[in-house]
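Here are my notes on the model you sent over.

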Amino acid sequence: MDASRRRDAEQPWRKWYKTADWQRLREEVLIRDMFSCQMIGCGKFMADTSQLVADHKRPHRGDHDLFWDIGNLQCLCKPCHDGLKARQEARTLRW
């Protein structure tokens, strides 16, 4: 089993990201945040939406309500999401 399938099996909530409902919610977040990264100090505008992430401010860890809460979502550029935000979350998971 490849790594992606193993993660999907271990974390069944990952399938929520593949739904039309998630795509609509993601688009709503990007529009609300005007296609701009909300990370303090960044603020980059990106017309290429493939470079934007609808990020959970508080990690949902499978909590259905937290996952779908638009108030818990923000637009981040991929560099901020995959870099700074990932490091911040990794630090909180260690405690």
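Leaving aside neighbours within four places in sequence, which residues is Gln74 in contact with? Keep that one in mind while reading; point 1 takes it up.

1. Before anything else, remember that this is a predicted model. Now to Gln74, which sits in strand S2. Once its neighbours within four places in sequence are set aside, Gln74 touches Val29, Arg32, Asp33, Gln38, Val53, Ala54, Asp55, Lys57 and Lys85. Gln74 counts as buried because its relative accessible area is 15%, and the cut-off for buried is under 20%.

2. Five of the five residues in S2 are buried, so the strand is mostly covered. You can see this on both faces: Leu73, Cys75 and Cys77 are buried on one side, while Gln74 and Leu76 are buried on the other.

3. Next, have a look at what S2 pairs with. S2 (residues 73–77) runs antiparallel to S1, and five bridges join the two strands.

4. On to the nonpolar cores. The largest has nine residues: Leu30, Cys37, Met39, Met46, Leu52, Cys75, Leu76, Cys77 and Cys80. S2 supplies the largest share of this core, three residues. A second, separate core has seven residues, among them Trp22, Leu25, Phe67 and Leu73. As background, nonpolar side chains tend to be buried together in soluble globular proteins.

5. Met46 is a handy place to start looking around the largest core, as one of its members. Beyond its neighbours within four places in sequence, Met46 is in contact with Phe35, Gln51, Leu52 and Cys77.

6. What about pockets? The largest one has a volume of about 490 Å³. Its lining is made up of 19 residues, and Trp13, Tyr17, His60, His81 and Glu89 lie nearest its centre. H4 gives the most, with five residues. Sorted by class, the lining has seven nonpolar, five polar and seven charged residues.

7. Finally, two backbone angles to check. Most residues other than glycine have a negative phi. Met34, though, has a positive phi, near 55 degrees. Met34 is in the loop between helix H2 (20–32) and S1, and it counts as exposed because its relative accessibility is 60%, with the cut-off at over 50%. Arg61 also has a positive phi, near 45 degrees. Arg61 lies in the loop between S1 and helix H3 (64–68), and its relative accessible area of 53% means that it is exposed as well.

Notes:
Residues are numbered from 1 along each chain as its sequence is written. This is a predicted model: local features need pLDDT of at least 70, side-chain atom pairs count only at pLDDT 80 or more; totals for chains, interfaces and linings use all residues. Side-chain values use heavy atoms; hydrogens and water are left out. On a 1 Å grid over the protein atoms alone, a cavity is a set of points where a 1.4 Å probe fits but cannot get out, and a pocket is an open set with protein on both sides within 12 Å along at least five of seven lines; lining residues have an atom within 4 Å of a point. Grid points are joined across faces, edges and corners, and a volume is the space filled by probe spheres set on the points. Helices (H or I, at least four residues) and strands (E, at least two) are DSSP runs, numbered from the N terminus. Ala, Val, Leu, Ile, Met, Phe, Trp, Tyr, Cys and Pro count as nonpolar, Asp, Glu, Lys and Arg as charged, and the others, Gly among them, as polar. Two strands pair if DSSP finds at least two bridges between them. A nonpolar core is a set of buried Ala, Val, Leu, Ile, Met, Phe, Trp, Tyr and Cys residues joined through side-chain atoms within 4.5 Å. Buried means under 20% relative accessible area, exposed over 50%, partly exposed in between (1.4 Å probe, protein chains only). Contact means heavy atoms within 4.5 Å.
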